[in-house]
Amino acid sequence: MSAPRIVYNEGYLDEQTKRVVRRALLKGVAIPGFQVPFASREVPMPRGWGTGGVQVTASVIGPEDTLKVIDQGADDTTNAVSIRAFFEKVAGAASTTRTDQATIIQTRHRIPETPLVENQILVYQVPIPEPLRMLEPRETETRRLHALEEYGLMYVKLYEDIAKYGHIARTYDYPVLVNGRYVMAPSPTPSFDNPKMHQSPALQLFGAGREKRIYAIPPYTDVESLGFEDYPFEPQRFDRPCEICGSTGVYLDEIIIDDRGGAMFACSDTDYCERTAQQRTEQQSTDTKEVTA
Amino acid sequence: MYVAVKGGEKAIANAHALLAKRGRGTADSPRIGYEQVRDQMGVLVSRVMAEGSLYDPDLAAKALLQAQGDVLEAVTLLRSYRTTLPRFGITPAVDTAGLPSERRVSATFKDIPGGQQLGATFDYTHRLLVDELETTDVPPPDVPVDEPMPRVAALLGVDALIESDRPAEGWTDPDPGDLTREPTVFPMTRAERLQALSRGDEGFLLSLGYSTQRGFGNNHPFVGEVRVGEVEVEFEVPEIGHAMPIGRIEVTECEMVNQFVGSADVAPQFTRGYGLVFGRAERKAMSMSLVDRALRRDEFGERSVSPAQDEEFVIAHSDNVQATGFVEHLKLPHYVDFQAELVLIRKLRREFQERQATRESAAHDSTREDTNRLEENA
């Protein structure tokens with residue numbers, strides 16, 4: 001008996017599956033923030049490691065696209081490297097680390113610091129698509145709550161935080177109201193990034209592979225982080241600049257530098273940090289030239 | 001330096017090389033051929049096929065070798081391959097009642113038409129570890145092997161002592177769902193549920209089934225019958241106009257017979273729990289039938305009081321590819337959300353300390369006032 005030959009389809013997903021995913025994406029775009037069930041396929045990486053994002057990217061990527069993949073804001077984290085290598089291998093896509101040159105950006109846990117523009121697509125990897133999940137574990141129940149626009153549970157939770165701590169104690173995966181209708185989980189991005197979702201010129205697509213859900217925010221859609229009139233949403237802020245490029249108002253990683261708890265703070269967005277640092281050096285050298293002249 | 005996470009391509013390539021080396025062992029011992037795994041580790045191969053939802057002993061054996069014996073890794077490999085294959089259509093239901101059984105036991109009746117047949121089983125072996133394995137000759141069977149074996153449940157069905165497996169009239173065989181091609185939405189049909197259970201994790205189903213026996217959703221089970229054998233799979237080819245046999249697969253089937261005392265509308269009778277799994281997988285088929293029966297609580301108006309009776313709990317957590325992926329994803333970098341939590345914890349601690357400081361100074365002030373007052377009074 002001869003051994004069977006193992007062959008994979010070009011681009012890994014078969015065309016029919018891509019159509020299934022695209023249909024779910026179209027529905028998602030038509031009903032911003034609504035979680036569309038889809039028959040999520042296995043992809044050659046473990047569930048929970050970006051399989052939803054990979055399926056979405058595989059379904060929208062074309063030969064003219066340039067792909068950027070980030071994890072925790074960085075292009076060189078192992079899982080981002082692995083996913084980028086996967087698409088280079090199966091889709092023959094060009095890839096980049098520059099936000100301004102990418103047409104598709106697949107991300108885990110961050111939105112790039114460089115403002116996105118029209119015709120860019122941001123694909124989020126989503127672990128738990130249901131914003132109400134930790135308040136109500138049952139899918140049958142949460143679907144009903146969304147259908148009835150019954151978000152009391154969530155507001156009570158936020159209110160309890162205020163009563164207990166004096167402010168909302170939620171720092172990532174901070175719930176948003178999309179287009180004034182659906183409460184949506186932005187995936188575990190820090191609340192720092194939430195304002196970037198509002199009226200973004202880019203198309204934002206969300207894929208949750210393990211949970212088999214897809215949702216979307218079309219360009220220029222209202223995305224409001226939940227809050228109260230007297231206790232409005234407040235994104236997290238850092239009161240210091242990046243120690244590498246000097247940027248302020250960016251999300252920082254705390255990097256432990258010794259065994260006594262010493263730390264430095266640097267941009268989590270590696271592409272932004274590199275380019276800002278480079279610009280600064282160029283600026284400095286022109287300044288020096290001017291001075292010498 | 002913190003290179004473990006920000007390591008990039010070189011680290012990944014090196015890790016893979018190291019993994020391959022670990023899997024190879026010492027270079028002077030021969031590599032195991034997949035044929036050896038397929039033939040000599042059949043039970044393991046069955047498990048990978050069942051949970052990988054792909055009947056192909058060769059590929060399952062190759063997956064096991066590639067996964068260095070990690071069952072869930074092998075299942076993941078098989079599933080990721082399976083999902084790229086086109087689906088041609090649906091086969092008619094396999095006829096397990098007519099399958100020439102290699103093994104068939106019933107715990108409900110001493111003697112049954114077709115007889116009990118122990119077959120290849122670990123039951124009644126003494127679990128004594130030996131140094132060397134030996135194979136003895138198998139004597140030829142002393143009874144005719146192809147005697148028909150009607151289902152035990154069908155025997156009970158004659159007097160309506162057991163629920164019928166389909167309505168008496170107006171029943172047509174519905175198209176089965178396909179979990180792998182259609183979105184899952186709860187509540188599921190029983191057919192979809194059985195599909196999920198059949199590819200579910202053996203250990204998880206075993207524990208859930210066991211929990212029903214220990215009182216968490218008890219359904220008084222008896223093994224109506226367990227059988228293992230090869231069954232023919234047929235496929236309706238539109239061009240030919242009738243069903244064509246396309247191959248044979250080995251399956252394990254379990255029909256559990258469960259007591260049911262009846263309700264206001266239904267007379268007391270036995271009910272069924274069903275399990276069907278690829279290959280030799282008796283433990284899994286039995287566990288599956290226990291859980292299937294527990295999940296049918298709605299049909300019999302039973303109160304849901306236990307995990308095994310909760311469809312969302314059972315089905316959403318039975319898939320080990322999903323479970324292992326999500327548990328293991330915790331080792332991926334989370335430093336952005338961790339940073340967000342760090343900032344929050346520091347803020348909460350600062351606020352806590354400020355409150356405490358205010359409280360202490362207030363307490364201090366009031367003690368001083370008290371002392372002053374005492375002094376004045378004195």
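I began with H3(A), which lies across E2, E3, strand E4 (104-108) and E5 of chain A and runs at about 160° to E2(A). Contact means heavy atoms within 4.5 Å. Axes are lines fitted to C-alpha atoms, for helices over the stretch in contact, and angles run from 0 to 180 degrees between N-to-C directions. Helices (H or I, at least four residues) and strands (E, at least two) are DSSP runs, numbered from the N terminus.

The model is predicted: local features need pLDDT of at least 70, side-chain atom pairs count only at pLDDT 80 or more, and totals for chains, interfaces and linings use all residues. Residues are numbered from 1 along each chain as its sequence is written, chains are lettered from A and ligands numbered from 1 in the order written, and side-chain values use heavy atoms, without hydrogens and water.

Next I traced the sheet. Seven strands of chain A form an open sheet, ordered E1-E9-E8-E5-E4-E2-E3, with mixed pairing. Strands pair if DSSP finds at least two bridges between them. Strand E1 (36-37) and strand E3 (94-95) of chain A stand at the edges with a single partner strand each, so one side of each has no neighbour in the sheet. I then checked strand E8 (residues 203-208) of chain A: it pairs with E9(A) in the antiparallel sense over five bridges. Phe206(A) stands opposite Tyr215(A) in E9(A).

Last, I looked up Phe87(A). Leaving aside neighbours within four places in sequence, Phe87(A) is in contact with residues including Val54(A), Leu67(A) and Gln106(A).
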